[in-house]
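Here is a short report for a reader who is new to this structure. Please look over the sequence and the model first.

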Amino acid sequence: MIHDFSYDIAVIGAGAAGLAAAAETAKSPFRTVVIDREDQLGGILRQCIHNGFGLRYFKEELTGPEYADRVAALAAKPNVEFKTGTAVTEIKRLPDNGFELLAFSAAEGVSRIRARALFLGMGCRERNRGNLAIPGSRPAGIFTAGAAQKLLNIEGMLPGKSAVIVGSGDIGLIMARRLRWSGVEVKAVVEIMPHPSGLTRNVVQCLNDFGIPLYLEHSVVNIAGRERVQYVEVAPLDNGIPQLDRQFRIECDTVLFSVGLIPENELSRQLGVELNPATGGAIVDANLQTSVPGVFAGGNVLHVHDLVDFVSEEAADAGRSIVHYLDGTLNSQANPVTVSANLKYVVPNKFNTGEKGTYSFRPLIVSDAATLEAELNGRLVWKRKFTYVKPAEMLKVELPAEILNESGTLVFRLQEEA
Amino acid sequence: MYDAVIVGAGVSGASTAWQLSHYDLKVALVERWADVGFGVSKANSGIIHGGFHHSARKTLKARLEILGNLMFDKLQYELDFPFHRNGILVVAFSDEQMVTVRKLYQQGVENGVRNLEMCGRDRLLELEPKLNPEVVGGFYAPNGGTIEPYRYVFSLVESARRNGCDLFCNFEVVSGERKNNLWTLTAADGRTIKARYVINAAGLFADRVSAVCGAEEFKIHARKGEEYLLDRNSPARPGKVVFPVPSRESKGILVIPTAEGTTMIGPTADPAEDKLDTTTSADNMQRIVTLVSRMVNGVSTRDVITSFAGLRPVLDSEDFYIDLSEKVPHFVQVAGIQSPGLTASPAIGEYVKDLLKKDGLELVEKEKIEYRNPPHHELRNETPEALDRLHADDPAWTHVVCRCEKISEAEIIEAVRKGHTTLDGVKFYTRAGMGRCQGGFCSAKIMKIISRESGIPMEELTKKGGNSRLLGGKLGTIKVNTTPEAAE
Amino acid sequence: MEKKLICINCPIGCHLTAERSNDSDAWSVTGNRCPRGELYARNELTDPRRVVTATVRCNSELMPRLPVRSSEPLPKRYIDALLNRLYDMEVKIPVKRGEVLIANVENTGIDVIFSCDCGK
């Protein structure tokens, strides 16, 4: 029998975003269902067994599983139901502006789940070797950093015996340490950019602690090995072009890729949610509502964060907006928010007049003295100085309500100081 | 003792085994790699060609291509594999190219291909709106299509086995001897197999198998083709296979709407020294993208989800060599099966059967032939109602393991139970791990299922057999020592 | 004497400068935005410590490995031995988050505790 379920709110994804959103909707009288394809709550936090989470959201340093338990506990209320081991494969909008989800699970079989509002919390996936089209052969021993992390931390299996890590994203750095702490050699981390892609503290405690070389402005130009990886060839880059005459070989049996994350918006596409090419996530208004009324998003499905605390904060904001939406008290204005110099994107993409606004940015530059400026209708209305801005670290600021006092266009820019 | 042993479980060998399995014969199929179709067939472009690229008067490959093409509808009905006769377009972007287009069209007509249609620009754009509007003209071959080549091989072998054919994988033939009217083939690991007839369908290594059996000496050259696979969401996916005007060496670089919903661009055609060299290169990706971007709109390197390379086995003659050996008795050569080998393969099997008959092998149809493979369910292709019924029998049907391609645990279990115990074997059988995350999320889960169902410990699982171990062992088997000296 | 360090306590990653005159043992720290930076720098220069995280085998069907952590940063010199000891262990569920697996590692007063619940 195909099950039919009906809720006020469906939260898709029970990671740091979905659970934080549900923790907010739980405070309302509305009924929420939280759906996740994994058997356990917490999403990717389950495999992030290292510490460093929660300083901002819980004012305490936690490991991933601890953070997951804490945020799950906030959502565990009588009006919140959890469906784990349940994969949503289709979403459609109904004529009454509600939504119907088609979901599969081993326990319940086929379910149709109806809800009046949705929170998208599907997170992101890792870019992989195929996305980069790294030349060479296709032997065993090539993993994304996250896949290797899952094998090691969840299954207790070593991905190999000696590894090279491609890309210096945080997961790659964390995995460098995890591999060394598992008896696996780490020969090198290879990064195409002139600066690390991960947080500085991870470079210190995951690479420097173990004497692992970090090759900046280098690229893997070949992966060799017929059955299992035998070695990689690495070349320095000059203006982005590999200098093959200076290439060198690193013997290894494992290559991990930590080369960026892509928001998982396949379900959002089915709903016709408008996406932002700069983030890979939805275009959202001040309430984190997407272009489809009643559909909200937060966390890595919206834009890739480097701190889980920001994921939960953003999702909690969206959770509160959902309650307003169902209450009929949502204030949704169309004043555009955009970026100009030195910023890759801003989230959200609209603001409400007379309300405070929270904005996240991804800088395009590395600088130890930069000013973030906001112009409302061409008039400089706000600025803040930053020491150490870099693409690896998201900026998040709050603009007070009195600044956003007229409708129009809000433009942010990042000015490097001379 | 077998009546016939077929060396090589690619499209040619599998098709031959399937044909012969309908007769009262003991048939064995031996494969060098860990699974069937893991050689040339695995990296095929998956096109059922239209029968116009080569002259049927001049080449065996064209004759078999035309016959093979006609056989696929029945085969799909019986064996159940993804195949769509969605048509082929050959497109020209200059008047000069139109000269070749007219010649090809004419050749197709002379070959007896029906329903070919010369098209002007407007007609082409009507047939395929994804084409670059600068297209000048071309022709349409509605008989062409796309197929999942490995699934086709799996289906053939499954049916052959159901009708009594034995399969031996990891069987690399290193010698062949004929004594007392009986062939003995010996594998690298020492196993032997005895048979009255040998069919050499060893793909890239058909020259070596021929040589070790004392048959004809010839040389198989490897011609590499690199392919790039684009995400399901790629706006470039056309409705029909789009061919450029061909060159002498190859049919050119195409845009292929694969039978399973992705888009493939390629292949290149470059000689490879090493018959195991399936490496891809950075230059070729750029070249392919540039070339296909001239034909269809919306091609982007951002949509590339993976790349791979295959090798075509090529003889100097550029034609197929399918014949009884003139040097040794009871030995059939099936060599040089390059493009359009996949299209021709059903006809190749029949052709080989006829050669065996000519050579005196008595062919008596089995009393009971199982023509159809049992229905093969896939979560992605079933209605919710059907899945609900499947779930009632087995909850694994609604456990989604591969999210990108929507593959259930039940499909993975089925693959393992049918003998596909490598990660690639499961991937090619089910598509699990073939989607946009390329196994990032599901590999660990699939490995656990393979291990549980096959009894092979996790640490011994391989990607594709041999020494392609997926893991480095259990955590704790290497002592942790992070002192700086230990790093040396 | 002057040493440059990057604080690893939180994602800000303060760039610290620790200074010490030749006749003194005490480091004075600048560049930190919170008191933990100062403590980190002192420890790092005299007795570097890290929070250790790992997994241990267990008898749960759902979770073949359970995550564990040190309750406080542990002197680096004890880490390898502790990891090897943890990898040799097998624990029985149920366990509770925060429950002590190994008490007082090497007499440091630091415990190894479970990072999650498992079993009832």
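The report covers a sheet, one glutamine and several salt bridges. The model is a predicted one.

**The sheet in chain C**

In chain C, three strands make an open sheet, ordered β1-β2-β3, with antiparallel pairing. The edges are taken by β1 (2-6) and β3 (28-30) of chain C. Each has a single partner strand, so one side of each lacks a neighbour in the sheet. From one strand to the next, the twist averages 25°.

Strand β2 (residues 15-19) of chain C runs antiparallel to β3(C), and three bridges join the two. One residue pair can be named here: Thr17(C) has Thr30(C) in β3(C) as its bridge partner. Helix α1 (residues 35-46) of chain C lies across β1, β2 and β3 of chain C. The helix runs at about 120° to β1(C).

**Gln205 in chain A**

Gln205(A) sits in helix α6 (residues 200-207) of chain A. Is Gln205(A) buried or exposed? Its relative accessible area is 9%, under the 20% limit, so Gln205(A) counts as buried. Leaving aside residues up to four places away in sequence, Gln205(A) touches Arg177(A), Phe210(A), Ile8(C) and Arg50(C). The side chain of Gln205(A) also makes a polar contact of 3.2 Å with that of Asn202(A). Val292(A) is 87 residues from Gln205(A) in sequence, and their C-alpha atoms are 43 Å apart.

**Salt bridges**

Side chains of opposite charge can pair when their charged atoms come close. Over all chains, the structure holds 72 salt bridges. The table gives three of them.

| Arg | Glu | Closest N and O atoms |
|---|---|---|
| Arg70(A) | Glu60(A) | 3.2 Å |
| Arg32(B) | Glu172(B) | 3.8 Å |
| Arg123(B) | Glu126(B) | 3.6 Å |

Arg70(A) belongs to helix α2 (residues 64-75) of chain A, while Glu60(A) is in the loop between β3 (51-53) and β4 (62-63) of chain A. Arg70(A) is partly exposed at 24% relative accessibility. Glu60(A) is partly exposed at 36%.

Arg32(B) lies in the loop between β2 (27-30) and β3 (47-48) of chain B. Glu172(B) lies in the loop between β9 (166-168) and β10 (173-179) of chain B, so the pair ties together parts 140 residues apart in sequence.

Arg123(B) and Glu126(B) share helix α4 (residues 121-127) of chain B. They are three residues apart, about one turn of the helix. Arg123(B) is partly exposed at 28% relative accessible area, whereas Glu126(B) is exposed at 57%.

A network of salt bridges links Arg125(A), Glu264(A), Glu266(A), Arg269(A), Asp231(B), Arg403(B) and Arg436(B).

Technical notes: Residues are numbered from 1 along each chain as its sequence is written. Chains are lettered from A and ligands numbered from 1 in the order in which they are written. This is a predicted model: local features need pLDDT of at least 70, side-chain atom pairs count only at pLDDT 80 or more; totals for chains, interfaces and linings use all residues. Side-chain values use heavy atoms; hydrogens and water are left out. Two strands pair if DSSP finds at least two bridges between them. Helices (H or I, at least four residues) and strands (E, at least two) are DSSP runs, numbered from the N terminus. Axes are lines fitted to C-alpha atoms, for helices over the stretch in contact, and angles run from 0 to 180 degrees between N-to-C directions. Contact means heavy atoms within 4.5 Å. Buried means under 20% relative accessible area, exposed over 50%, partly exposed in between (1.4 Å probe, protein chains only). A polar contact is a pair of N or O atoms within 3.5 Å; within protein, one must be able to donate a hydrogen and the other to accept it, and residues adjacent in sequence count only if both atoms are side-chain atoms. A salt bridge is a side-chain nitrogen of Lys or Arg within 4 Å of a carboxyl oxygen of Asp or Glu.
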